[in-house]
Amino acid sequence: LLGDVIAGAMFERGRFMPADSEYVWALLAGASLGLLASTMARLYAVAHYALGDTKRPLRCALVRLAAVSVLGYLFALVLPPKLDIASMYGAAGLTLAGSIAGWMEYRLLRRSLGARIGETGVTFSYGARVWLAAILAALIAWVARMLLPPLGPLVLGAIVLPIFGAGFLGVAWRTRVPIPGLR
């Protein structure tokens, strides 16, 4: 919900215009969906290495590579013209393809490690509380953004993004999500 605010605050200077921020937003949106999976997949790959298994992470990485290749081709080149989407947004399709492939690799590595050492990972309850905090904080910040008068991108970011951060910490605290450094 706030990708254009982030991109605008970071980049809108000189010839970088609001339309450019929206384009960066589309790219970041696709990539952000796979951040958790990509991070966790790296951790699960390292756990496999620690157990002396180097082949399984390679096989899972090859599945990811094949998936991102096929999906990237479809999302970047095939679907945009069929859905009447500007071809420049095919790059956002690539980031989305990378996110989906990242989740595939993560699930394969997690299942493999679970078979070897038992169930691992974040509990559903914890994940749900973190997602709830993120969604509610984003909605609070988005409403604040809509209520503000037109402002420059840096000022807008300086107001809206701390609102998101405070909202996230507040909801996380209320739902008892453990936050390092806070009790």
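Select Y106 first: with a relative accessibility of 7%, this residue is buried (under 20% relative accessible area is buried, over 50% exposed, and in between partly exposed, with a 1.4 Å probe and protein chains only). The structure is a predicted model, in which local features need pLDDT of at least 70 and side-chain atom pairs count only at pLDDT 80 or more, while totals for chains, interfaces and linings use all residues. Residues are numbered from 1 along each chain as its sequence is written, and side-chain values use heavy atoms, without hydrogens and water.

Helices here are DSSP runs of H or I with at least four residues, numbered from the N terminus. An α-helix has 3.6 residues a turn, so residues three or four places apart point the same way.

How are the rings of W103 and Y106 arranged? Their centres are 5.6 Å apart and their planes stand at 85 degrees, so the pair is edge-to-face. Rings of Phe, Tyr and Trp (its six-membered ring) pair if their centres lie within 6.5 Å; planes under 30 degrees apart are stacked, over 60 edge-to-face, and the rest tilted. Now include Y44, which forms one aromatic cluster with W103 and Y106.

Display helix α3 (residues 35–50) beside α5: the two pack at an angle of about 35 degrees, and their axes are 8 Å apart. Axes are lines fitted to C-alpha atoms, for helices over the stretch in contact, and angles run from 0 to 180 degrees between N-to-C directions. Among the α3 residues that meet α5 are L36, M40 and Y44, and the α5 side includes W103, Y106 and L109. Contact means heavy atoms within 4.5 Å.

Move to F11 and F16, an aromatic pair that is tilted, at 5.5 Å centre to centre and 50 degrees between the planes. F11 is partly exposed, with a relative accessible area of 39%; F16 is also partly exposed, at 24%. The whole structure holds five aromatic pairs.

Finally, select helix α6 (residues 124–147). Its 24 residues should span 34 Å at 1.5 Å a residue, and the end C-alpha atoms are 34 Å apart, which agrees; the expected span is 1.5 Å times one less than the number of residues. Which residues of α6 are buried? They are A133, A137, A138, A141, A144 and R145, and they pack against α1 (3–11) and α7 (153–174).
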